[in-house]
Structures are given as C-alpha cells and as structure tokens.
Amino acid sequence: MVIERAWDGIECNPSTGRVIKLERFGVFDDDGDVRVDTPMSGTLSPFLGNLSSLQLLNLAELQNLTGTIPFELGKLTNLREMYLESNSLEGSIPSSFEDLSLLQMLSLSQNRLVGPIPRNLFKKMTSLKYLFFDNNNLSGSIPPSIGNMKSVQYIYLFNNKLSGSIPNSIGNLRRANTLNLKNNNLSGNIPTSIRNMMGLVNIIFNNNNLTGKIPPQLANLRGLQYIDLSRNSLTGKISEGILNLESLGQFNVSWNRLSGKIPPHKFGFPASDFAGNPGLCGAPLAPCNN
C-alpha cells in the first residue's frame with residue numbers, strides 16, 4: 001500500500017518527487033489591512049538551497065522572518081519566482097543571486113536590507129519581468145547590469161538610499177512599463193538613452209538630486225501616462241512635445257530649477273505641477289514678463 005502525504009504549502013513534481021513549490025506566506029483579512037495568519041517566524045535556513053528543483057519560493061508577508069538571506073539560495077537555478085517581501089530580513093542581497101538566470105519575479109521589498117546591489121546581479125536575468133527592491137535601505141549605485149534585463153516590465157527601486165547616476169544601459173529595457181526610482185539620492189542627468197524605452201508608461205523619479213535638462217526625447221515615448229520629476233534640481237525648459245503627449249495624464253515637475261515659458265498644452269495640468277520653479281512662467285502660472 002502506498003501512503004501519500006501532503007504538506008501544506010509544498011508541491012512536488014509527481015514524476016520525480018522533488019519539491020518544486022514552497023509557499024508559506026502571511027494571510028491578511030478581507031480588507032488587506034491586518035495579518036490574520038503568519039505561519040512562520042525565525043530565520044531562513046541555508047538548506048533551502050538544496051531544493052535544486054524548486055521553481056517557486058514564497059515566504060512573503062510573514063513579518064517575523066528575520067536574519068539574512070542565505071547565500072545558498074543562489075543555488076536554486078531552476079527558480080522562476082521568489083517572494084520574500086514584507087518581512088524583517090537584514091543584511092545584503094547575496095551576490096550568488098546572479099546565477100538565478102530563469103527568474104521572472106524577484107521581490108525583496110519592505111525589508112531591512114542594506115548595502116549595494118551586487119554589480120553583476122542582473123547580468124544573466126534576461127527573463128526577469130518584475131523587480132521589486134523598494135522600501136529597504138539599499139545604498140550605492142544602480143549597477144549597469146540592469147540593462148541586461150531585456151524582459152523586465154516593472155522596476156521598483158524606490159524608498160532606498162541609492163546614489164550615483166542612472167546608468168545609460170537603462171535604455172536597453174524596451175519592454176519596461178514602470179520605472180520607479182523615487183525617494184533616493186540619485187544624481188546626474190536623466191540619460192538620453194531613456195528614449196529607447198518604448199514601452200514606458202510610468203516614469204517616477206521624484207525626490208532625488210537629478211540635474212540637467214528633461215530629455216526632450218521623452219516626447220517619442222507615445223505610451224507615457226505618468227511623469228513625476230518633482231523635487232529634483234532639473235534645469236532648462238519644458239519640451240512642448242512632452243507636455244502634449246496624447247496619453248499623458250500626470251505631469252509633475254514642481255520644485256526644480258526649470259525656467260522659461262510653459263508651452264501651450266491641452267490637458268490643463270494644475271499650477272501645483274509647476275510650482276517651486278521661480279524661472280517658470282505662463283499658464284497655469286503667472287504670465288511671463290515681456
């Protein structure tokens with residue numbers, strides 16, 4: 001007689017018997033506000049790295065999951081999805097993750113991670129679609145290897161302590177829908193290579209130290225719906241082509257150092273979207289002096 005055993009949150013390949021899914025995530029109430037079940041606490045075991053057939057690891061929203069992310073998780077080379085968000089994980093992102101070349105989802109958001117993003121982390125991640133590193137304490141620069149993520153659609157690096165410039169390689173991400181870098185310490189110009197990101201819908205760069213001009217090439221990104229560049233140190237004029245993108249519904253450049261007349265635009269953006277730029281004039285701000 002064969003006795004079948006089932007473990008909650010674990011799925012095995014019926015042919016090999018090897019574990020392919022491990023899911024023990026926190027459960028919220030119907031409103032999504034209060035955790036009603038956090039089935040695990042403690043630290044992540046390095047022995048998880050021995051689950052060589054694992055394709056999905058979901059230990060998100062446990063709140064009491066602490067300690068560092070084991071280097072050994074980089075051995076999970078069959079992994080497609082990793083969810084470790086909304087815990088209390090500390091330490092740095094393991095450089096061994098650069099070997100997770102089949103990943104499509106990598107979510108480490110809302111932890112206490114520190115240190116730089118490993119330089120070659122994204123070098124092999126050509127299948128990654130979702131990158132969520134937001135709400136940590138990551139520092140250092142955005143590595144140029146980010147340009148290798150040719151399939152990525154959503155990049156969330158906001159609410160960290162990232163510094164340095166936005167790498168030119170960002171222009172390789174032609175399928176990206178959302179690029180959210182707000183609330184960091186990024187500096188330098190917005191790279192003109194951004195014009196190649198033809199799938200962009202949302203550009204969110206507010207609350208950084210960006211300088212230079214707003215690239216007029218943004219006007220070529222016909223799908224843009226949301227642009228927030230507020231609270232930087234951007235200079236120069238606003239391109240008429242950007243302001244009049246057909247799909248644009250939000251355009252905020254307040255609290256920069258922009259100057260010149262605001263170009264005519266048909267969408268009626270409020271004055272608050274242009275406030276804090278003493279050199280700007282024209283509707284919806286005060287008229288320009290002749």
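The points that follow concern a predicted model, and they move from strand pairing to salt bridges, the nonpolar core and one further residue.

1. The hairpin of β1 and β2. Strands β1 and β2 pair in the antiparallel sense over 3 bridges, and within this pairing Glu 11 stands opposite Lys 21 in β2. The hairpin has 6 residues between its strands, and there Gly 17 takes a positive phi near 80°.

2. Because Glu 11 belongs to strand β1 (residues 10–12) and Lys 21 to strand β2 (residues 19–23), the pair ties together parts that are 10 residues apart in sequence. Glu 11 counts as partly exposed at 37% relative accessibility, and Lys 21 likewise counts as partly exposed, at 31%.

3. The other pairing of β2. Strand β2 is also joined by 3 bridges to strand β6 (residues 56–58), and these two run parallel. In this pairing, Lys 21 stands opposite Leu 56 in β6.

4. Salt bridges between loops. The structure holds 4 salt bridges, and one of them is formed by Arg 112 with Glu 90, where the closest N and O atoms are 4.0 Å apart. Since Arg 112 lies in the loop between β9 (105–107) and β10 (114–116), while Glu 90 lies in the loop between β8 (81–83) and β9, the pair ties together parts that are 22 residues apart in sequence. Arg 112 is partly exposed, with a relative accessible area of 46%, and Glu 90 counts as partly exposed at 37% relative accessibility.

5. A salt bridge between exposed residues. The side chains of Glu 246 and Lys 266 meet in a salt bridge at 2.8 Å, N to O. This pair links distant parts of the chain, with Glu 246 in the loop between α1 (240–243) and β21 (250–252) and Lys 266 in the loop between β22 and β23, 20 residues apart. Glu 246 is exposed, its relative accessible area being 61%, and Lys 266 is exposed as well, at 54%.

6. Strand β22 (residues 257–261) pairs with β23 in the parallel sense over 3 bridges, and Lys 261 stands opposite Cys 281 in β23.

7. The nonpolar core. The largest nonpolar core has 71 residues, of which Met 82, Leu 106, Phe 133, Leu 157, Phe 205 and Phe 251 touch the most other members. Leaving aside neighbours within four places in sequence, the contacts of Phe 205 include Ile 166, Leu 179, Leu 181, Ile 190 and Ile 194, and also Lys 182, Asp 228 and Asn 232.

8. Asn 185. Which residues does Asn 185 touch, not counting those up to four places away in sequence? They are Lys 161, Leu 162, Ser 163, Gly 164, Asn 208 and Asn 209. Asn 185 is found in strand β16 (residues 185–188) and is partly exposed, with a relative accessible area of 40%. The C-alpha atoms of Asn 185 and Leu 73, 112 residues apart along the chain, are separated by 30 Å.

Conventions
Residues are numbered from 1 along each chain as its sequence is written. This is a predicted model: local features need pLDDT of at least 70, side-chain atom pairs count only at pLDDT 80 or more; totals for chains, interfaces and linings use all residues. Side-chain values use heavy atoms; hydrogens and water are left out. Helices (H or I, at least four residues) and strands (E, at least two) are DSSP runs, numbered from the N terminus. Buried means under 20% relative accessible area, exposed over 50%, partly exposed in between (1.4 Å probe, protein chains only). Contact means heavy atoms within 4.5 Å. Two strands pair if DSSP finds at least two bridges between them. A nonpolar core is a set of buried Ala, Val, Leu, Ile, Met, Phe, Trp, Tyr and Cys residues joined through side-chain atoms within 4.5 Å.
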